[in-house]
Amino acid sequence: MTHAKDQEDRYRAAAEEFGPAMQRLARATEANSARQADLLQEMHVALWQSLARFDGRCGLGTWVYRVTHNVAADHVRRERRHRQAAVPLDVVDQMPDGRSVSAEREQADALARLHQWIRGLGPPDRQVMLLYLEEVSAADISDITGLTPGAVATRISRLKSRLSSDFKESRHD
């Protein structure tokens, strides 16, 4: 089998298995749907390119999360530089639309609030929280982020407490 064929096969397997997780990461990273699509495409390109260097020293999932989280972190840094003075479009997404409130809408609102909360985290915390929500093990999060397993566990615990506190506060506002 040729090297290019190996790369293509690995990419297809990774995209099939981790595509939904990559979409969730793009949604949690970028509120604007057009930029989400661009970010997701950028993740797929980076993943495809990176698989030429994949040597199997870590699991494919760890590799995919490492590459895609690096792309997401670069995206956030770029967006912050370009939009420091602009009004964030995230605020527009959070405005009430006047329709009746249903359970589905409430769930969508809660998910949007969670994504907004995650986007407000610093890059290391955002990466740990998103991997935790993807049910990646602490050991794999440690491999992906370079943090020690103890630091990962501590961050997860603190982030869960902070999330709970922030959502309780927002209910009382």
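Tyr 65 is in contact (heavy atoms within 4.5 Å) with Phe 18, Ala 21, Leu 131, Glu 134, Val 136 and Ile 144, leaving aside its neighbours within four places in sequence. This is a predicted model: local features need pLDDT of at least 70, side-chain atom pairs count only at pLDDT 80 or more, and totals for chains, interfaces and linings use all residues. Residues are numbered from 1 along each chain as its sequence is written, and side-chain values use heavy atoms, with hydrogens and water left out.

The protein has eight helices and zero strands. Helices (H or I, at least four residues) and strands (E, at least two) are DSSP runs, numbered from the N terminus.

Take α1 (residues 3–29) and α3 (residues 60–82). Their axes come within 10 Å and cross at roughly 25°. Axes are lines fitted to C-alpha atoms, for helices over the stretch in contact, and angles run from 0 to 180 degrees between N-to-C directions. Angles under 35 degrees count as roughly parallel, over 145 as roughly antiparallel, 65 to 115 as roughly perpendicular and the rest as oblique. α1 and α3 are therefore roughly parallel to each other. On the α1 side, the contact residues include Phe 18 and Ala 21. On the α3 side, they include Tyr 65. The residues of this contact of α1 with α3 divide into ten nonpolar, five polar and no charged. Here Ala, Val, Leu, Ile, Met, Phe, Trp, Tyr, Cys and Pro count as nonpolar, Asp, Glu, Lys and Arg as charged, and the others, Gly among them, as polar.

How do α3 and α7 cross? The axes of α3 and α7 (residues 138–145) come within 9 Å, at roughly 50°. The two helices are therefore oblique to each other. Thr 62, Tyr 65 and Arg 66 of α3 meet Asp 140, Asp 143 and Ile 144 of α7. The residues of the contact of α3 with α7 divide into two nonpolar, one polar and three charged.

Buried means under 20% relative accessible area (1.4 Å probe, protein chains only). Buried residues make up 35% of the 173 residues in the protein.

Note on methods:
Buried means under 20% relative accessible area, exposed over 50%, partly exposed in between (1.4 Å probe, protein chains only).
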